[in-house]
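The exercises below concern salt bridges, strand pairing and surface patches. Work through each task with the structure open, then compare with the solution.

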Amino acid sequence: IDLSSVTSIGGYSFAYCRDLKNVILGKGITEIPEYAFAGCVALDKINSSHIVMIGEYSFMESGIKNIDLSCASTIGEYAFVNASELRDVVLNKGGVDIGEGAFEYCKKLSNVKNIQFAKNIDSYAFAYTAIVSVDLSGIESLGDCVFLKEKLTPFEVKLGNNIVSLGDNPFAMCLIKP
């Protein structure tokens, strides 16, 4: 679908359009609202590099494999939960707030570029992903069970000096060497 002349889309706009494969967003669209592409299991391409805000559940259970969020300052709660094909994410170098469960159960997600610039990562944001190494040197707040694993998993983490809030067991079931 070509939305290049569109300046905004509403919540649930394309929810559960199971055959939707490619989306061309207009530069005027800066927000993906709640559930906009939820359940779009065939979704393969979307030009998202200019998007500033990703709403709650907006790509839940979608088929997206890679997403460029290099301008996003906010990623809403459960935005990509159960996006089973998601492998690579590019985050904003200017900082980003990541909501609760944003990438939870994205079991193939192993590469999150620019995560070291994230400011706040809420509870369960990366729980049950394939991430095993993370640089959180810019983090200010880390929620509960952020990187929770199903089984004890070797894990590398780098923390910085900006942390003001650390939730309960953010690295649950992560085997971290001192």
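**Exercise 1.** With which residue does D44 form a salt bridge, and how far apart are the closest N and O atoms?

Solution. The model is predicted: local features need pLDDT of at least 70, side-chain atom pairs count only at pLDDT 80 or more, and totals for chains, interfaces and linings use all residues. Residues are numbered from 1 along each chain as its sequence is written, and side-chain values use heavy atoms, with hydrogens and water left out.

Step 1. The criterion for a salt bridge is a side-chain nitrogen of Lys or Arg within 4 Å of a carboxyl oxygen of Asp or Glu.
Step 2. D44 meets this criterion with K65, the closest N and O atoms lying 3.6 Å apart.
Step 3. The partners come from distant parts of the chain, 21 residues apart: D44 is in the loop between strand 3 and strand 4 (45-46), and K65 in the loop between strand 5 (53-54) and strand 6 (66-68). Strands here are DSSP runs of E with at least two residues, numbered from the N terminus.
Step 4. D44 is partly exposed at 34% relative accessibility, and K65 is partly exposed at 33%. The classes are buried under 20% relative accessible area, exposed over 50% and partly exposed in between (1.4 Å probe, protein chains only).

**Exercise 2.** Which residues are linked in a network of salt bridges?

Solution.
Step 1. By the rule above, the count is four salt bridges.
Step 2. One of them joins the side chains of E85 and R87, at 3.4 Å from N to O.
Step 3. E85 also meets K108, with an N to O distance of 3.1 Å. K108 lies in the loop between strand 9 (97-98) and strand 10 (111-113), and E85 in the loop between strand 7 and strand 8, so this pair ties together parts 23 residues apart in sequence.
Step 4. The network therefore consists of E85, R87 and K108.
Step 5. Relative accessibility is 31% for R87 and 37% for K108, while E85 has a relative accessible area of 25%.

**Exercise 3.** What is the strand order of the open sheet of seven strands, and which are its edge strands?

Solution.
Step 1. Two strands pair if DSSP finds at least two bridges between them.
Step 2. The order is 3-5-7-9-11-13-15, with parallel pairing.
Step 3. Strand 3 (31-32) and strand 15 each pair on one side only, which makes them the edge strands.
Step 4. Within this order, strand 11 (residues 120-121) and strand 13 (residues 141-142) run parallel and are joined by two bridges. N120 stands opposite S141.

**Exercise 4.** Which strands are joined to strand 14 by bridges?

Solution.
Step 1. Strand 12 (residues 133-136) runs parallel to strand 14, with four bridges between them; L136 stands opposite L159.
Step 2. Strand 16 (residues 174-176) is also parallel to strand 14, through three bridges. The partner of F155 there is I176.

**Exercise 5.** Which residues make the nonpolar surface patch of about 280 Å²?

Solution.
Step 1. Patch residues have over 30% relative accessible area and no salt bridge; nonpolar side chains (Val, Leu, Ile, Met, Phe, Trp, Tyr) are joined within 5 Å, like charges within 9 Å. Areas come from the Shrake-Rupley method with a 1.4 Å probe.
Step 2. The patch is made by L152, M173 and L175.
Step 3. L175 belongs to strand 16 and is partly exposed, at 43% relative accessibility.
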